[in-house]
Amino acid sequence: MKIELQVNGETRVVEASPIARLLDVLREEIHLTGTKEGCGEGECGACTILIDGEPVNSCLVPVAQVQGCELTTIEGLAASCGYAEAGATPLQTAIVEWGGTQCGICTPGIAVCAQALLRDEPAPSRARIREALAGNLCRCTGYQLIVDAVAAAAEGGQS
Amino acid sequence: MSTAYLKPASLEDAYTARAEHPDYVLLAGGTDYMVGILHRPAPVGVIDLFGLSALTGIEAGEGVLRIGAAATYAVVLTDATVSESFPSLRTCVSEIGATQIQARGTLGGNIGTSSPVGDTLPVLLALDAILELGSSRGTRKVAYAEFCTGYRQTLLKEDEVIVAIELPLPSPGVQFWRKVGTRKAQAISKVMVAASARGSGETLTDVRLAMGAVADRPIRLGAVEALLEGQVPSLELAEQVRAAVADAITPISDLRSTAPYRLRSAQNLAARFVLQRVEAQA
Ligand SMILES: Cc1cc2nc3c(=O)[nH]c(=O)nc-3n(C[C@H](O)[C@H](O)[C@H](O)COP(=O)(O)OP(=O)(O)OC[C@H]3O[C@@H](n4cnc5c(N)ncnc54)[C@H](O)[C@@H]3O)c2cc1C
Ligand code: FES
Ligand code: FES
């Protein structure tokens, strides 16, 4: 069926099965390959995007369900936070500076999820950061540097 | 043939869609249904209930809290009556999946799947939940205790929709919920125990004790409830509970846990319910 999506502020029309995974439509039809597939089963959070501002696993969302919703992927994250020109939010920059990314597969999901956290809770405790990112698995960093980066961005007062 | 997609705008439309298309799949948040979707044949059609406003509200009314079947866990967690009157449900929901799952997953979906490891199901048993089921033939109410009839088997008819979950108010003054899993988030439970009792908990009355992941469906442990009824919590009572649990359940070994581990955990969690009351009174 024909499906109209709002992705990163743009209208995109795709032809897809209503129960196609949003993840596949984003990557293969709209060519936004920043969103990654880890497990394909809702466990790892690599495919996290924001649907109307809330972190969701795009591998579990049938595309027909998000007609009329605002979708934000990692490609549009900076612009959605007012950092279009810089190309990265202070949080994204912190993740790079602190070494909160290695192979990078988990990073887009972590960035969008943590960005939503800092929007709602500008000064989260480290325990709260870990809780908010509990659905984002990382096989490389050991998490410590990710938590450090999010905490640093929060302390910087700008995220 | 491509999959048809129906997005009912009202409950009546949903009932009509169900009656006309018994072969279509009902869909809410998709957090159960979408897992493994690429490895299954496409369904003939889906009826999408996610966000249907008649199913997403939570209302405290006369003697009952009514939770719409398609209210997401994220919404359940923000409800004041749930927090005040049903702390066991609140804690249970807060431990489901992670943020991303809570944003989409619904109580109706947990009940629809009726997996023996559905976390909210023992809580519904312990809180005497009533389900409202609707179809174009009308609505009916069924106690959750009767709804799940076997492994992933329920009383839901082909043309029916789970409309709401009703929890009687005032709620039990004593409520308990604990699950054991591999890690805190995102882990399917190895064992979970929900319990409740009326009054302040000095003497246990109207005791409910339910478990998940220890049988083919979520179950109440009648013999353990009878043992606890009218008793004053004590260390001896906790020991008796351990023994009674061992007589009441025969958990299995599978890829998530072993039978002895499950039994031991179930015994300890049930005993913990009693021990918490002992500590509360100390
Ligand atoms: C990574 C991950 C972690 C998870 N963690 C947990 C956990 O900790 N605890 C837990 O219990 N579960 C967990 N789950 C399972 C799942 O999230 C829950 O069972 C959730 O409640 C399902 O709700 P849903 O709306 O997404 O259901 P859907 O997938 O949309 O539907 C599930 C089933 O219920 C039926 N259904 C849905 N709504 C209705 C209705 N109103 N009337 C009739 N039938 C209906 C559907 O037809 C379908 O058969 C997890 C899943 C994933 C992927
Ligand atoms: S790919 Fe979606 S959660 Fe892992
Ligand atoms: S950086 Fe490799 S999985 Fe996180």
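This is a predicted model: local features need pLDDT of at least 70, side-chain atom pairs count only at pLDDT 80 or more; totals for chains, interfaces and linings use all residues.
**Stop 1: chain A and its domains**

Select residues 2–78 of chain A, which form domain 1, and colour them apart from residues 88–153, which form domain 2. Taken over C-alpha atoms, the centres of these two domains of chain A are 20 Å apart. Where they meet, 16 residues of domain 1 of chain A touch 15 residues of domain 2 of chain A. About 1,200 Å² is buried between the two, and carbon and sulfur atoms give 66% of that area.

One salt bridge is found across this interface in chain A. Now show the side chains of Glu54(A) and Arg119(A): they form a salt bridge, with N to O at 3.6 Å.

**Stop 2: chain B and its domains**

Hide chain A and turn to chain B. Its assignment gives domain 1 as 57–168 and domain 2 as 174–281. The contact here takes 29 residues from domain 1 of chain B and 25 residues from domain 2 of chain B. Between them these domains bury about 2,000 Å², with 59% of it on carbon and sulfur atoms.

How many salt bridges cross the interface of domain 1 and domain 2 of chain B? The rule finds two.

Next, select Asp128(B) and Arg208(B), whose side chains meet in a salt bridge of 2.8 Å from N to O. Then select Lys179(B) and Asp119(B), another salt-bridged pair, with 2.7 Å between the closest N and O atoms. This pair joins distant parts of the chain: Lys179(B) sits in strand β11 of chain B, while Asp119(B) is 60 residues away in the loop between α6 (107–113) and α7 (120–126) of chain B. Over all chains, a search of the whole structure gives 20 salt bridges.

**Stop 3: where chain A meets chain B**

Show both chains again. The contact between them involves 28 residues of chain A and 25 residues of chain B. Together the chains bury about 2,000 Å², and 61% of this comes from carbon and sulfur atoms. On the chain A side, pick out Ile19(A), Leu60(A) and Gln65(A), which supply 34% of the area that chain A buries against chain B, more than any other three residues. What is the count of salt bridges between chain A and chain B? The count is zero.

**Stop 4: the second largest pocket**

Finally, centre the view on Glu131(A), Ala132(A), Ala98(B), Thr99(B) and Gln102(B), the residues that lie nearest the centre of the second largest pocket. This pocket has a volume of about 1,300 Å³, and 46 residues line it.

Elements of both chains each supply at least two residues of the lining. To see them, select these:

- In chain A: β4 (54–57), α4 (107–120), α5 (126–132) and α6 (144–155).
- In chain B: α2 (73–78), α4 (87–94), α5 (99–102) and β11 (174–180).

Which element gives the largest share of the lining of this pocket? It is α4(A), with six residues. Colour the lining by class to end the tour: there are 21 nonpolar, nine polar and 16 charged residues.

Methods:
Residues are numbered from 1 along each chain as its sequence is written. Chains are lettered from A and ligands numbered from 1 in the order in which they are written. Side-chain values use heavy atoms; hydrogens and water are left out. On a 1 Å grid over the protein atoms alone, a cavity is a set of points where a 1.4 Å probe fits but cannot get out, and a pocket is an open set with protein on both sides within 12 Å along at least five of seven lines; lining residues have an atom within 4 Å of a point. Grid points are joined across faces, edges and corners, and a volume is the space filled by probe spheres set on the points. Helices (H or I, at least four residues) and strands (E, at least two) are DSSP runs, numbered from the N terminus. Ala, Val, Leu, Ile, Met, Phe, Trp, Tyr, Cys and Pro count as nonpolar, Asp, Glu, Lys and Arg as charged, and the others, Gly among them, as polar. Domain bounds come from an automatic or database domain assignment. Contact means heavy atoms within 4.5 Å. Buried area is the accessible area (1.4 Å probe) that two parts lose on being put together, summed over both. A salt bridge is a side-chain nitrogen of Lys or Arg within 4 Å of a carboxyl oxygen of Asp or Glu.
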